[in-house]
Amino acid sequence: MSTAQDIQIHHDIGMRQAENLGLQDGNANTPSGDNNAKFSSEGITKGHYDGILARVQAEIGVLSGIRNDYEALSNQLEEINADPRILKSQVDTLTFQKDQELQSLEDQIHSEQEAAKNHPDYQSKRNEYIKAQTELDQIRARLGRSNLNKLNLGAGYYILLFLLGIGELPINRQVFELISDNVIETTITALILIVGIPIASHLSGVYLKRRSEKKEYLVLFIIVLIVVCITFLIIAYIRVIYFQKVNESTDNEWSSVILFFFLSFLIYSIGTWLSYSIHDESKEFEESHRKFENAKVNFNLAENALAATKQKIQQKKNSEIQRINQDFHARKNDISNTPANFKKKIQTLVTDYKKLRMDVISKQKNINSNYKMAVNKYRQTNLRARTDGYHPVEFNSLVWDLELQDIEDISQN
């Protein structure tokens, strides 16, 4: 776009060019009756100003673009005002698009939820839980009871058994020194005994409790009981010898043997009772129940993880729904405000058009005036530089206007 400064610079050049042409032609006493230089020198000046004029008139293309936008918006506004169904149709289309987007979102969310639910890890834990529950229900139906017949001591059971066994370690180690002077051997023998008592108590309780499930359990219980009794009698006898040796006593050794035997057997009996109390009559029922509880814990963890995943998916869904609705209402408002928005745009186009139109017209007039000024400069300089005193007839004619373009105005309806 040519500015006023560009036009002025171009004009300054044109004035110097016209003055130089005037001196050149005047010194040569041209034009004359036989040598007319009007078409050469004044034509050069005209060509100079035609160049800047063409640049200004190129801006008329911008005006044409503005006018086309104005006419298009005006026609659309006229159509909308004439037929309100146009805007209603746009709203209906927008509503349909929103419903389609919401349905697509619903399908996507459903797909993600199903994928989370069908995840191999979740399905594996769910199937294990269902299988364990089915097996447990079948056993319950067969046994005719729902609950285990046992105490639930957990790890406390094994701690109690350990304490019962460890209580006899110090005295047993000292007693077994009668058999061997080797400290390591006596300690290992005592440790074997304190491990054996809890194991024997555990097995005795299990065999006794489940004797009705398998007949051989009663036989095994009797065998363990006999072994334990014999072992306790031997240990009791060794203890009596140990204390007689330490105290140099000759008391009735069999009464002491019976006492030590009874104390050891009491510990064994307590362990057996604990074992009897924490086990169910049915090993199958107890193992199935344990398997079910473990599967239930794992399935609950998987359920919690699935619930957390579904919650995230739901939050994503809610966020997307909010975004879609906000976008819908914003675009719906734009459609509702279309007439007002069109009027504002049309007013802006009219303002811009008028401003640019007046600017182009003003520039054309300025260039045309500058052109005439340059031609007159040429003629005046030519006359002063001449030596023949001749006054060309052509200089008496008016300077022709440049080819200025008319620019049609527009008005807002």
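A residue is called buried when its relative accessible area is under 20%, exposed when it is over 50%, and partly exposed in between, judged with a 1.4 Å probe and protein chains only. By this scale Asp-83, with a relative accessible area of 23%, is partly exposed.

The structure described here is a predicted model, in which local features need pLDDT of at least 70 and side-chain atom pairs count only at pLDDT 80 or more, while totals for chains, interfaces and linings use all residues. Residues are numbered from 1 along each chain as its sequence is written, and side-chain values use heavy atoms, with hydrogens and water left out.

## Overall architecture

Helices and strands are DSSP runs numbered from the N terminus, a helix being H or I over at least four residues and a strand being E over at least two. The protein has 12 helices and 0 strands. Of its 413 residues, 34% count as buried. A contact is defined by heavy atoms within 4.5 Å.

## Salt bridges

A salt bridge is counted when a side-chain nitrogen of Lys or Arg is within 4 Å of a carboxyl oxygen of Asp or Glu. The protein has 19 salt bridges by this rule.

| Lys-363 | Glu-59 | 3.6 Å |

Lys-363 and Glu-59 form a salt bridge at 3.6 Å. Lys-363 belongs to helix H12 (residues 338–385) and Glu-59 to the loop between helix H2 (38–57) and helix H3 (60–82), so this pair ties together parts that are 304 residues apart in sequence. Both Lys-363 and Glu-59 are buried.

Since Lys-372 lies in helix H12 and Asp-401 in the segment after H12, the pair ties together parts that are 29 residues apart in sequence. Lys-372 is partly exposed at 28% relative accessible area, and Asp-401 is partly exposed at 47%.

The side chain of Thr-381 reaches the backbone oxygen of Lys-377 at 2.8 Å. Leaving out residues up to four places away in sequence, Thr-381 touches Glu-19, Gly-22 and Leu-23.

## Nonpolar cores

In soluble globular proteins, nonpolar side chains tend to be buried together. A nonpolar core is a set of buried Ala, Val, Leu, Ile, Met, Phe, Trp, Tyr and Cys residues joined through side-chain atoms within 4.5 Å. The largest such core has 38 residues, of which Tyr-49, Val-360, Ile-367 and Ile-407 touch the most other members. Two or more residues of this core come from each of helix H1 (4–27), H2, H3, helix H4 (85–117), helix H11 (283–336) and H12. With 13 residues, H12 gives the most to this core. When neighbours within four places in sequence are set aside, Ile-367 contacts Ile-7, Tyr-49, Ile-52, Leu-53, Val-56 and Leu-402. A second, separate core has 14 residues, including Tyr-207, Phe-221, Phe-232 and Tyr-268.

Patches are made of residues with over 30% relative accessible area and no salt bridge; like charges are joined within 9 Å, and nonpolar side chains (Val, Leu, Ile, Met, Phe, Trp, Tyr) within 5 Å. Leu-218, Ile-222, Ile-226, Ile-230 and Ile-234 make a nonpolar surface patch of about 430 Å². Leu-218 lies in helix H9 (residues 215–247) and is partly exposed, with a relative accessible area of 39%. Ile-226 is also found in helix H9, where its relative accessibility of 45% makes it partly exposed. Between Leu-218 and Ser-204, 14 residues apart in sequence, the C-alpha to C-alpha distance is 9.2 Å.

Note on methods: A polar contact is a pair of N or O atoms within 3.5 Å; within protein, one must be able to donate a hydrogen and the other to accept it, and residues adjacent in sequence count only if both atoms are side-chain atoms. Accessible areas come from the Shrake-Rupley method with a 1.4 Å probe; for residues, only the protein chains shown count as cover.
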